[in-house]
Amino acid sequence: DGEDLREMLSIAVGEDVSADYVSMMREDLEAIQPDPRGLNWRHEPAPEKLAAFPVVIIGAGMSGVCAGIRLKEAGIPFTIIEKNSAVGGSWYENFYPGCGVDTPNHFYSYSFFLNHDWSHFFAKRDELWSYFEDATDRYAIRDHIQFETEVVSADYDDASATWTVTTLTGDGRTEQLSAKSVISAVGVLNRPKLPDIPGRDTFAGVALHTAQWDASLDLSGKKVVMIGTGASGQQVGPTIAPDVAQLTILQRSPHWVVPNPNYFAEVSDGMKWALAHIPSFARWYRFQLFWAFADGLHASLQVDPTWDDGGKSISQINARHRLYMERYLRAKLGEDTPLIEKVTPSYPPYGKRILIDNNWFDMLQRPNVELVTDQIAQIVPEGVVMADGRTIEADVLIYATGFQASKMLAPMKITGKQGRDLHQFWGPDDATAYLGTMVPEFPNFFILMGPNTGLAHGGNVIFITECQVRLILACLQEVLEGDAKAIDVRHKAHDDYVAEVDALHANMVWTHKGLTNWYRNDAGRVFALLPYRLVDYWKMTKDFRREDFLLS
Ligand code: N01
């Protein structure tokens, strides 16, 4: 019963787990068929009605593939428009040295397509990309994908409740598709951000962003300068350091780094066997990872207003995380006090995305690696000039400088009811959406990985995507089982949701004074991250609140 399950969950993670998790775990364990996360018709619409309701999904990355799989199961016709020549999105586009996931794969995978054969607990890019390729074929959605085609705009016509989606094909043709619903699955981390440093274009060597890597680039014996020390830099640096002549890392601010004993480990044959054969073992293991990489950390993100240690942490538990991470980096760097000072963040743990140690501290102690924390003054043909006048020569300049995350859904132009422009409604960098998915006056338009759906403390965006797809299916079900043509979220529901998100963020680590991160816009509002526990978001997207919607 529920209490037994709660106790078992608590024993599984070695902490007290609340009753909130029982229903979610039950859904996983009971493996009910048909899957409650898919669309289960109450009154299955006639085939003609389904056939007259085509959906366009924009993007065949992790989230677009997930939406396609679920629409296919439901019998709803759909086309996926993908700008690349392959599926996988970020996992297709990013192949910089060391590229891989830092959420363990037995959790970072679709709940309906578990893989018991991951070679490593944290797979590298090729294996991840293959996983999404496999899912595409296993669920037979490849024929629904139009590759090398980019969506330029989507416009809604009130009278016919129809979206016109305009695309640009690889050979330069403009085409139009008619759809009853549009699902944006374009992601948030796909438009590289190059720093605004004077002289950037004057560099005479090879300059490239991590997300636009050149497979033919040979770094051996080269002098390399890397700007940025976030999740991408953390993976590139230690991977290339043994090959290059000199690696100079330009760090604007340090990031917190945690060790993970499984980070480089292969999954043993015994573990693979257990995952495949012991009933429910894979689900229990998944819950352990869910806890360790997501909800179990949620308390350490909350500000305790009575806590004051000069801004180094936000609560007692957060301070304990800080102590653990500080001890770890000190143990790694030994007596090197100047280096310890350079890599110890002044802000609380989790203020920026937490990183898993990819031999970062070992790399920093290599004779051919230097960590420079001075300000960059300009880029010149020979390299980078620092504020103190020193010129760091480079053959190759790597920008590990992140993405233009705040420009959500750009550069597409989306117009809803009465020509309402989505980007005008949002302004330049203030994207909002009900449950991160729906914007008022954009009927039958849904956003996957939209505003306030990201995770920075760990987490798993595939989990979020599956929750969003469930919500979208519930919306489409309302339309297709009834007489309505379209579903729209009410302004009040959207505004109340955004107000709650903002109020929660005001007491979370991301808004800590003096802290910079890519989760906030110019006005300081956290537009990128989810403030809730994953179990809360699971429940909010599962329990369809009819009163929040307008059917027309
Ligand atoms: O980018 P980032 P990323 N001068 O924005 C620095 C996901 N991801 O590509 O911290 C000097 O985090 C900037 O400095 P600062 C993950 O969600 C996941 O690394 O702003 N430095 C920072 O150090 C992640 O959060 C995985 O002071 C400049 C770095 O560049 C997201 O992608 C792997 C600068 C940018 O860090 C983005 O990660 C990779 C300037 N002008 C990515 N401008 C895994 O799952 C920026 N910086 C493993």
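Predicted model: local features only at pLDDT ≥ 70, side-chain atom pairs only at ≥ 80, totals over all residues.
Biologist: Which phi does E148 have, and where does E148 lie?

Modeller: E148 is not a glycine either, although it has a positive phi of about 50 degrees, and it lies in the loop between strand 3 (145–146) and strand 4 (149–157). Its relative accessibility is 45%, so E148 counts as partly exposed, whereas N444 counts as buried.

Biologist: Which residues are joined by a cis peptide bond, and where is the proline of that pair?

Modeller: The cis bond joins A410 and P411, with omega about 5 degrees, and P411 lies in the loop between strand 17 (396–399) and strand 18 (413–415).

Biologist: Turning to helices, how do I describe two that pack together?

Modeller: Two packed helices are described by the angle between their axes and by the distance between the axes. Take helix 4 (residues 62–74) and helix 14 (residues 461–481), which pack at an angle of about 40 degrees with their axes 10 Å apart. That angle makes helix 4 oblique to helix 14, and the crossing of the two is right-handed.

Biologist: Which residues of helix 4 and helix 14 meet?

Modeller: From helix 4, M62, S63, C66, A67, R70 and L71 take part, and they meet V461, I462, T465, E466, V469, L473 and L476 in helix 14. Sorted by class, this contact has 9 nonpolar, 2 polar and 2 charged residues.

Biologist: At what angle do helix 8 and helix 9 pack?

Modeller: Helix 8 (residues 269–277) packs against helix 9 (residues 281–293) at about 110 degrees, and their axes are 6 Å apart. This makes helix 8 roughly perpendicular to helix 9. M271, A274 and L275 of helix 8 meet F281, A282 and Y285 of helix 9, and the contact has 6 nonpolar residues, with no polar and no charged ones.

Biologist: How should I read a sheet, and what is the strand order in the open sheet of 3 strands?

Modeller: Strands of a sheet pair through backbone hydrogen bonds, either parallel or antiparallel. In this open sheet the order is 14-15-16, and the pairing is antiparallel. Strand 14 (376–380) and strand 16 (391–393) stand at the edges with a single partner strand each, so one side of each is left without a neighbour in the sheet. Ignoring direction, neighbouring strands here are turned by 25 degrees against each other on average.

Biologist: How many bridges pair strand 14 with strand 15?

Modeller: Strand 14 pairs with strand 15 (residues 383–386) over 4 bridges, in the antiparallel sense, and among the partners, V380 is bridged to G383 in strand 15.

Biologist: Which strand runs parallel to strand 9, and why is strand 9 largely enclosed?

Modeller: Strand 9 is joined by 5 bridges to strand 10 (residues 246–250), and the two run parallel; V225, for example, has T248 in strand 10 as its bridge partner. Of the 5 residues of strand 9 (residues 223–227), 4 are buried, so this strand is largely enclosed by the rest of the structure.

Key:
Residues numbered from 1 in each chain as written. Heavy atoms only, no water. Axes fitted to C-alpha atoms, helices over the stretch in contact; angles between N-to-C directions. Parallel < 35°, antiparallel > 145°, perpendicular 65-115°, else oblique. Left-handed = near helix turned anticlockwise from the far one by under 90°. Contact = heavy atoms within 4.5 Å. Nonpolar A, V, L, I, M, F, W, Y, C, P; charged D, E, K, R; others polar. Pairing = 2+ DSSP bridges. Buried < 20%, exposed > 50% of the residue type's maximum accessible area, 1.4 Å probe, protein only.
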